[in-house]
Amino acid sequence: MKARAIVVTSGKGGVGKTTTTANVGAALAKHGEKVVVIDTDVGLRNLDVVMGLEGRVVFDLIDVFEGRCKLTQALIRDKRVENLFLLAASQVRDKNSLDEEKMETIVRRLIEEENFDRVIIDSPAGIETGFQTAASAAEGALVVVNPEVASVRDADRIIGLLEAREIYETKLIINRIRPAMVKRGDMLEVNDVLEILGINLIGIVPEDEAILVSTNVGNIASLTSNSKASDAFNNIAKRIQGQDIPYQSLEAEGGFFSGLKRMFGGG
Amino acid sequence: MWFFNRKKTKDVLKERLKVVITYDRAQMSPGQMEELKAELHKVITRFFPDENNKEINVDIEHSDNSIRVVANVPNGRVPTNTD
């Protein structure tokens with residue numbers, strides 16, 4: 001992706017925006033970029049706990065907005081990987097503390113003065129102020145969708161709103177797909193979701209207990225675990241960096257022929 | 001085998017999503033669509049009282065980059081040579 005400032009969004013809550021931000025952000029850093037992840041869910045911040053950095057938050061985004069600290073003081077360095085930083089949201093303020101102009105200024109300074117290669121902005125759920133502020137500074141977007149009715153519908157709304165903001169580099173991450181259900185015809189396939197939403201794919205992440213297990217202890221799966229979801233997040237990071245990484249395993253497992261193979265003891 | 005005849009639930013979902021997203025994109029509800037049909041029917045009947053207006057068909061069409069509401073109004077018959 002050309003975009004250096006990328007918003008992670010979905011419309012619907014609970015589909016994996018924060019998990020995606022943490023895992024893709026960390027994977028981008030692991031693959032050589034200087035990355036900052038920004039939590040814009042003011043009042044309901046969670047990126048800090050998902051990354052296991054909650055104990056180190058001193059200043060937050062609103063403190064920077066309101067001049068109570070320098071931008072660099074609010075950047076929390078993640079020591080587990082080179083060049084990964086967190087800018088936390090305020091937990092005590094509300095979404096009205098956000099300001100599109102200030103958000104744009106901060107993101108510009110992160111890129112121009114602090115030399116970040118990538119700024120990943122975790123958007124709150126919904127389509128109002130919080131989302132609008134998160135999107136205001138973005139040049140590109142990762143839309144996270146689960147293959148179920150409410151999430152797909154909301155994703156379509158969000159895609160329309162991103163277009164209205166003239167954010168055109170918008171890529172889709174299908175999260176929490178369950179290959180066994182897809183195989184039975186009880187879950188939308190990747191191609192179904194793409195056909196309905198009409199935007200380009202950048203990642204398919206299977207439902208994976210490893211994510212929850214990592215998050216429980218404040219680890220980031222894309223840095224530590226050898227799981228399918230972890231591989232998927234690393235592949236997304238590589239695709240963002242322009243590598244041509246083929247989509248694997250899921251389709252193979254869900255396919256009719258591999259099903260036959262399995263039945264007859266092959267594959 | 002039974003599962004060859006079973007309608008996949010994901011196909012039902014896909015159709016439902018296509019319909020609901022089309023209405024969302026058109027910023028119109030299915031109820032409004034019904035109202036529009038009824039109104040159109042009244043107006044068209046005023047202009048063409050003799051036609052069989054039951055055939056009026058209003059639909060939302062959805063292509064890659066546009067949404068259009070299409071009303072199809074049969075207006076008169078072309079005489080056909082039945083020799």
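What percentage of the 83 residues of chain B count as buried?

1. The figure is 2% of the 83 residues of chain B, where buried requires 20 or more other C-beta atoms within 10 Å of a residue's own, exposed means 12 or fewer, and partly exposed lies in between, with C-beta atoms placed from the backbone.

2. This is a predicted model, in which local features need pLDDT of at least 70 and side-chain atom pairs count only at pLDDT 80 or more, whereas totals for chains, interfaces and linings use all residues. Residues are numbered from 1 along each chain as its sequence is written, and chains are lettered from A and ligands numbered from 1 in the order in which they are written.

3. Chain B contains three helices and two strands, arranged along the sequence as α-α-α-β-β. Helices (H or I, at least four residues) and strands (E, at least two) are DSSP runs, numbered from the N terminus.

4. B:Ile56 belongs to the loop between α3 (30-47) and β1 (57-62) of chain B. B:Ile56 is partly exposed because 17 other C-beta atoms lie within 10 Å. Beyond its neighbours within four places in sequence, B:Ile56 is in contact (C-beta atoms, placed from the backbone, within 7 Å) with residues including B:Leu40, B:Ile44 and B:Val73.

5. In chain A, eight strands form an open sheet with mixed pairing, in the order β3-β4-β2-β5-β1-β6-β7-β8; strands pair if DSSP finds at least two bridges between them. β3 (76-77) and β8 (200-206) of chain A each have a single partner strand, so one side of each lacks a neighbour in the sheet.

6. Strands β2 (residues 35-39) and β5 (residues 118-122) of chain A run parallel and are joined by five bridges. A:Ile38 is opposite A:Ile121 in β5(A).

How values were computed. Two residues are in contact if their C-beta atoms, placed from the backbone, lie within 7 Å.
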